[in-house]
Amino acid sequence: MKPLEKYTFGVGDRFAHQASAQLDAFIQARRQGWEVVPVWNKSNREHLTVGSQPPSVLAAAQAAVKAADWRHGFHVDADHIGIATVEPFLACSDFFTLDVADSIGKPAPARELDAFVAQHRSLIGTHALPGLSTPLVVDEQRLRGTAEKYLAAAIRAGETYRHILAAKGAAEFVTEVSMDETDAPQTPPELLIILAALADQQVPLQTIAPKFTGRFNKGVDYVGDVGQFEREFRDDLAVIAHAVTRFQLPAELKLSVHSGSDKFSIYPAIRNAIRDTGAGLHIKTAGTTWLEEVIGLAESGGGGLEIAKAIYAQAHAKREALCEPYAAVIDIDPRRLPEPSEVNGWASSHFVAALRHEPSCPDFNADLRQLLHVGYKVAAQMGNRYNDALGSCRQAISRNVTYNLFERHLRPLFG
Ligand SMILES: [Zn+2]
């Protein structure tokens, strides 16, 4: 197990040009006394869409760290991998997010299920843990029902962990288990039982990403009951603190919030909860930086603005195909998407205002923002035209990338 810092923040850099601008946000955070460590994450899905290889993420991170003489930690996360997809990530990642959502609801072997229920019979009862909104109640039915739903996923996590361990030949990596890309959220009593199962599998779990209630749409704010989110988040923290001692899980085990970026309305709840409890936090963002690239292009005017408009026009034309892989994590109303012919007439400031995530700005368009969020494939297909524009508009892009991470994300969470 590689030690993981208390506060870690995942950033995505789809075209591998923004690592330095991203790192600048963490350097600014250090100046404020906020000790947050960057984790560059990129999923297999993103690599396939962009046509990039996992070692490019490590190379970009190392170059940024060296150029800035960053003396603190950083990590490279093989995000949402499984046994079938982990191979190209093995040499270049020190953080693995084991996505076991596909195994949720699949039956575990009956013998293992019975053994699990028998072994954890002591969980049956009422748990009045410090920090819980209401005591957790686990009866036999809930214990068995949760095992029926999640034991196969825990077993899968164990297999994937041991596969990585054997392939890397040393335990010098961080292990996260993610269950967020599924239909139903996991409740705090379910989390307790899931943690028991992961401990049984001897997964040295350092972060866990449950699915929370509410909508975590890509690149836009949280949709749901913030009060309920906060109760659930704090209950999860209480369950984790208890599970660490009860099941001998790593002391640094913490929640990982797969935020889909930009969940501004729940940031105060998260901030207050980690402050009150002293808990650590991992929070993942990814696409927010790609959107700042488009904002920087548009802000630069001229050829940059033209490319931003061309990306929108193509994304609009291909929207069904682009949205399909992200259907569970976007809510786009096509009627609210402006026609490309209209957007082509916009001034730079209008395009920027529509895309930039300032929810109070009257020109902000959350539908357009979500479409562009999933539209990075269009930029990938532009090849050199897009990459060259990133170079020629570098100043505006870097300024937006750094500002976005520092002011809109790190400050509300850690400031
Ligand atoms: Zn996720």
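Author: Happy to! Please keep in mind that this is a predicted model, in which local features need pLDDT of at least 70 and side-chain atom pairs count only at pLDDT 80 or more, while totals for chains, interfaces and linings use all residues. Residues are numbered from 1 along each chain as its sequence is written.

Let us start with a pair of helices. Helix H9 (residues 287–300) packs against helix H14 (residues 366–373) at an angle of about 105°, and their axes are 10 Å apart. Helices (H or I, at least four residues) and strands (E, at least two) are DSSP runs, numbered from the N terminus. The axes are lines fitted to C-alpha atoms, for helices over the stretch in contact, with angles running from 0 to 180 degrees between N-to-C directions. That angle makes H9 roughly perpendicular to H14 (under 35 degrees counts as roughly parallel, over 145 as roughly antiparallel, 65 to 115 as roughly perpendicular and the rest as oblique).

On the H9 side, Gly287, Leu291 and Val294 make the contact, and H14 brings Arg369, Leu372 and His373. Here, two residues are in contact if their C-beta atoms, placed from the backbone, lie within 7 Å. Three residues of this contact are nonpolar, two are polar and one is charged. In this scheme Ala, Val, Leu, Ile, Met, Phe, Trp, Tyr, Cys and Pro are nonpolar, Asp, Glu, Lys and Arg are charged, and the others, Gly among them, are polar.

Now to the barrel. Eight strands form a closed barrel in the order E1-E2-E3-E4-E7-E8-E9-E10, with parallel pairing. On average, neighbouring strands of this sheet are turned by 25° against each other, direction ignored. Strands count as paired if DSSP finds at least two bridges between them. Strand E1 (residues 7–11) and strand E10 (residues 281–284) are parallel and share four bridges, with Thr8 opposite His282 of E10.

Five bridges link E3 in parallel to strand E2 (residues 37–43), where Val39 has His75 of E3 as its bridge partner. Three bridges join E3, also parallel, to strand E4 (residues 95–99), and Ala78 is partnered there by Phe96.
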